[in-house]
Amino acid sequence: MGDKTCLGCRKRVVEVKLGFMPRSLCGKCFCRTVEKRIRRYIRLKYPFKKEDTLTILDDNSLDAKVLIFAMENLQKDFPFKLRIVKSAPCKGKVAVPWNLDDSAASFVESVVFKTAFKMPLAPLSVIHPDEIRIFSKIKGIKGPAGKRLSIRGKKVLEGLNKMEEKHPDIKFSILNFLSEINP
Ligand SMILES: [Zn+2]
């Protein structure tokens with residue numbers, strides 16, 4: 001018992017514990033919360049109807065594989081059309097496989113270097129790369145890490161990673177702030 005029991009189901013043993021997670025969870029509850037957050041993001045940022053199509057940019061990264069996995073699961077409960085493309089089409093809204101690191105670092109980079117920034121539709125922007133790694137391990141999804149940041153963006157991420165040691169939810173705070181000013 002105690003902190004060894006999952007606080008989600010209160011049955012299974014804790015498998016996942018991360019600094020920014022409010023509750024320690026078993027693998028099953030952890031995966032459920034990850035998918036729930038992706039679905040909530042989609043509902044808020046891209047509310048679609050049954051006939052609508054969601055296009056996903058597949059850059060062959062682990063993030064893209066996880067995003068496609070979560071969207072195929074969503075299709076089981078809510079039928080919509082899923083289109084997977086290897087390069088961004090010029091027309092229509094496309095979901096990109098940016099994770100929380102990509103999103104937070106790109107945004108801070110634009111603030112620091114005063115460049116234009118427009119947050120794309122990125123359902124995994126609410127998911128930390130550590131969560132993506134654990135989720136994909138549990139689900140048996142494999143793929144290489146995505147390379148999306150510029151040289152400056154990588155520098156920014158290094159800084160954020162250092163800050164994260166003392167403030168585990170800093171990247172989530174940045175994303176929430178971005179979402180507030182740029183809904
Ligand atoms: Zn559980």
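This is a predicted model: local features need pLDDT of at least 70, side-chain atom pairs count only at pLDDT 80 or more; totals for chains, interfaces and linings use all residues.
Modeller: Two helices make a left-handed crossing when the near helix is turned anticlockwise from the far one by less than a right angle, and a right-handed crossing when the turn is clockwise.

Colleague: Which crossing, left-handed or right-handed, does helix 3 make as it passes helix 6?

Modeller: Helix 3 and helix 6 cross in the left-handed sense.

Colleague: How are two packed helices described?

Modeller: The description uses two things, the angle between the axes and the distance between them. Here, helix 3 covers residues 100-112 and helix 6 covers residues 170-181. Their axes cross at roughly 65° and come within 9 Å.

Colleague: Which residues of helix 3 and helix 6 meet?

Modeller: From helix 3 come Leu 100, Asp 101, Ser 103, Ala 104, Phe 107 and Val 108. Helix 6 brings Lys 171, Ile 174, Leu 175 and Leu 178 to the meeting.

Colleague: Next, helix length. What span should the 19 residues of helix 1 have, and how far apart are the end C-alpha atoms?

Modeller: The expected span is 1.5 Å times one less than the number of residues. Helix 1 runs over residues 27-45, so at 1.5 Å a residue it should span 27 Å. The end C-alpha atoms of helix 1 are 27 Å apart, which agrees. Helix 2 can be read in the same way: its 16 residues should span 22 Å, its end C-alpha atoms are 24 Å apart, and this agrees too.

Colleague: Which residues of helix 1 are buried, and what covers them?

Modeller: A residue counts as buried if 20 or more other C-beta atoms lie within 10 Å of its own, and as exposed if 12 or fewer do. The buried residues in helix 1 are Cys 29, Phe 30, Cys 31, Val 34, Ile 38 and Ile 42. Their cover includes helix 2 (62-77) and helix 4 (129-139). In helix 2, Leu 62, Asp 63, Ala 64, Lys 65, Val 66, Leu 67, Ala 70 and Met 71 are buried. These pack against helix 1, strand 1, strand 2 (81-85), strand 3 (94-95) and helix 4.

Colleague: Which residues touch the most other members of the largest nonpolar core?

Modeller: That core has 35 residues, and Phe 30, Ile 38, Val 66, Leu 67, Leu 124 and Ile 127 touch the most other members. Two or more residues are given to this core by each of helix 1, strand 1 (53-57), helix 2, helix 3, helix 4 and helix 5 (151-166). Take Leu 67 as a case: beyond four places in sequence, it touches Ile 56, Ala 95, Pro 97, Pro 123 and Leu 124.

Colleague: Now single residues. Is Cys 26 buried or exposed?

Modeller: Cys 26 counts as buried because it has 20 C-beta neighbours inside 10 Å. It lies in the segment before helix 1. Leaving out residues up to four places away, Cys 26 touches Cys 6, Gly 8, Cys 9, Arg 12, Val 13, Val 14 and Glu 15.

Colleague: Why is Phe 20 partly exposed?

Modeller: Phe 20 has 16 other C-beta atoms within 10 Å, so it is partly exposed. Phe 20 is also in the segment before helix 1. Apart from neighbours within four places in sequence, its contacts are His 128, Pro 168, Asp 169 and Phe 172.

Colleague: What does Ile 138 contact?

Modeller: Ile 138, a residue of helix 4, is in contact with Gly 27 and Cys 31 once neighbours within four places are set aside. Ile 138 is partly exposed because 15 other C-beta atoms lie within 10 Å.

Colleague: Last, the backbone. What are the phi values of Arg 10 and Asn 60?

Modeller: Phi of Arg 10 is near 55°, a positive value in a residue other than glycine. Arg 10 sits in the segment before helix 1, and it counts as exposed because it has 10 C-beta neighbours inside 10 Å. For Asn 60, also a residue other than glycine, phi is positive and near 70°. Asn 60 belongs to the loop between strand 1 and helix 2. With 12 other C-beta atoms within 10 Å, Asn 60 is exposed.

Note on methods. Residues are numbered from 1 along each chain as its sequence is written. Helices (H or I, at least four residues) and strands (E, at least two) are DSSP runs, numbered from the N terminus. Two residues are in contact if their C-beta atoms, placed from the backbone, lie within 7 Å. Axes are lines fitted to C-alpha atoms, for helices over the stretch in contact, and angles run from 0 to 180 degrees between N-to-C directions. A nonpolar core is a set of buried Ala, Val, Leu, Ile, Met, Phe, Trp, Tyr and Cys residues joined through C-beta atoms within 7 Å.
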